[in-house]
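User: Let's go through the labels one by one. For each, I want the value and the rule behind it.

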Amino acid sequence: MPGFELFGDAERNEVNDVLNSGVLMRYGFDGMRQGHWKAKTLEQAIQSRFEVNHAQLLSSGTAAVSLALASAGVGAGDEVIMPSFTFVASFEAILMLGAIPVVVDIDDTLTLDIDSVKAAISPKTKAIMAVHMCGSMADLDALKHISDTHNLFLIEDACQAIGGTYKGKALGTIGDLGCFSFDFVKTVTCGEGGVMITNNEQFYTHSDQFSDHGHDHQGSDRGAETHPVLGYNFRISELNAAVGVAQFKRLDEFLAIQKNHYTIIRTELSKLKGVTFRTVPEGGEESYAFLNFFLDDLETARKVSTAFKANGIDVCFHYFDNNWHYIRKWDHLKEQKSLFPLSQEIKNGLSYLKAKTFEKSDHYIGRNISCLIKLSWTESEVKQRAQTMASIIREATL
Ligand SMILES: *Cc1c(COP(=O)(O)O)cnc(C)c1O
């Protein structure tokens with residue numbers, strides 16, 4: 001990660017097809033487009049690579065998460081359980097529909113803590129949103145059992161774990177709906193883009209209509225189409241999709257590089273006492289987009305993070321203090337800083353966040369360092385990096 005590091009002629013050629021035909025939109029203009037259907041082509045490639053019946057390409061991963069919920073009928077006043085450690089898109093997507101994000105603890109998988117999920121279920125719960133953070137997955141068997149028992153939808157946000165698998169199945173295909181992002185810093189990029197995948201035909205039809213102003217996409221005269229439902233515009237452009245067509249073909253190449261780089265660093269860090277690695281649920285295989293490890297305590301993690309930065313070890317994150325992927329930094333959510341009035345239901349629904357604490361999450365995120373695995377490193381750079389990291393950690397844990 002990220003795929004933009006290895007841009008080349010393949011990406012340029014796909015974009016040029018679109019520029020040469022002049023059709024920058026994914027729908028219509030059949031005569032003009034000279035057979036180029038980039039969004040459709042990418043959707044088909046995604047369906048066959050992940051063995052899933054339907055893929056709806058969209059303008060962003062955030063749109064994909066929102067549409068996954070909307071397609072399943074989640075809306076006003078419904079509660080959606082989500083983790084305390086995730087990208088802000090998770091609660092943005094939920095709030096956009098008038099639903100209420102119920103934030104719960106994570107555990108040593110760095111994803112949803114199963115007991116906390118169970119404890120959060122109420123009569124208003126409609127869905128569980130598992131976010132496969134930093135290249136690895138939530139305990140999907142346990143979540144599936146809970147969602148089946150309580151008749152909830154299970155949504156997988158696999159934006160940071162494309163190519164990872166669980167018990168032989170692609171992440172994103174195990175829940176009712178799955179999402180990937182193709183934004184600029186993801187393993188596969190379109191510049192901006194995302195996709196919602198599902199085996200449920202009705203959910204797919206909903207997403208197809210909702211993402212394009214409710215159009216039914218029947219026939220070949222766009223102006224004559226009917227609108228079975230209200231919708232918005234979350235379309236991807238053909239230019240963005242074209243980049244993705246080239247990038248997605250390279251997914252296995254990218255995954256192999258990630259795995260190789262990850263393994264070199266992990267092998268070196270495994271020799272250190274005081275370093276443990278995130279738990280990967282049994283039967284899971286990471287996408288190797290990140291290497292995540294724990295140190296003994298918060299103070300050590302802070303020391304190591306600071307020393308990494310001072311010694312040129314970039315793209316390693318201590319999410320407890322930095323960035324905006326952890327609940328500690330979500331003041332705009334806790335303080336409900338909306339540009340426009342929020343519904344009373346949402347205001348009431350979010351008020352628990354003013355008092356709720358997340359000790360279990362603090363325990364894991366406080367001690368976690370999460371290192372992005374770059375594609376463009378050479379093997380000797382990775383080996384050097386691994387040794388520098390190891391000696392910094394050794395010194396900090398003396
Ligand atoms: C990147 C990301 C998203 C949103 O993707 P965008 O395409 O940037 O909107 C959602 N969830 C997670 C976990 C992400 O990392």
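User: What is the handedness of the link of Cys316 and Cys371, and what angle about the S-S bond goes with it?

Analyst: The link is right-handed, with 110 degrees about the S-S bond. Cys316 sits in strand β13 (residues 316–317) and Cys371 in strand β14 (residues 368–372). The two are 55 residues apart, so the pair links distant parts of the chain. Helices (H or I, at least four residues) and strands (E, at least two) are DSSP runs, numbered from the N terminus. Note that this is a predicted model: local features need pLDDT of at least 70, side-chain atom pairs count only at pLDDT 80 or more, and totals for chains, interfaces and linings use all residues. Residues are numbered from 1 along each chain as its sequence is written, and side-chain values use heavy atoms, with hydrogens and water left out.

User: Why is the link of Cys316 to Cys371 called a disulfide?

Analyst: The S to S distance is 2.2 Å. A disulfide is a pair of cysteine sulfur atoms within 2.5 Å, so the label holds. The structure holds one disulfide. Both of its cysteines, Cys316 and Cys371, are buried.

User: What makes Phe50 and Phe248 an edge-to-face pair?

Analyst: Their ring centres are 5.8 Å apart and their planes are at 75 degrees. Rings of Phe, Tyr and Trp (its six-membered ring) pair if their centres lie within 6.5 Å; planes under 30 degrees apart count as stacked, over 60 as edge-to-face and the rest as tilted. Therefore this pair is edge-to-face. Phe50 is in helix α2 (residues 38–50) and Phe248 in helix α8 (residues 238–249), so the pair ties together parts that are 198 residues apart in sequence. Both Phe50 and Phe248 are buried. Together with Phe180, they form one aromatic cluster. In total, the structure holds 14 aromatic pairs.

User: Which elements hold Phe210 and Tyr232, and are these residues buried or exposed?

Analyst: Phe210 belongs to helix α7 (residues 201–210), Tyr232 to the loop between α7 and α8. Phe210 has a relative accessible area of 15%, so Phe210 is buried. Tyr232 reaches 52%, so Tyr232 counts as exposed.

User: How many residues surround the ligand?

Analyst: There are 14, and the closest are Gly61, Thr62, Asp157, Asp183 and Lys186. A residue is near a molecule or strand if one of its heavy atoms lies within 4 Å of it.

User: How do you know that Thr189 is buried, and what does its side chain reach?

Analyst: Thr189 has a relative accessible area of 0%, so Thr189 is buried. Its place is in the loop between β8 (177–181) and β9 (194–198). The side chain reaches the backbone oxygen of Phe182 at 3.2 Å. A polar atom of that side chain also lies 2.9 Å from the backbone nitrogen of Gly191.

User: Why does Glu51 count as exposed?

Analyst: Its relative accessibility is 72%, so Glu51 counts as exposed. Glu51 is in the loop between α2 and β1 (54–58). Its phi is near 50 degrees, a positive value in a residue other than glycine.

Methods:
Buried means under 20% relative accessible area, exposed over 50%, partly exposed in between (1.4 Å probe, protein chains only). A polar contact is a pair of N or O atoms within 3.5 Å; within protein, one must be able to donate a hydrogen and the other to accept it, and residues adjacent in sequence count only if both atoms are side-chain atoms.
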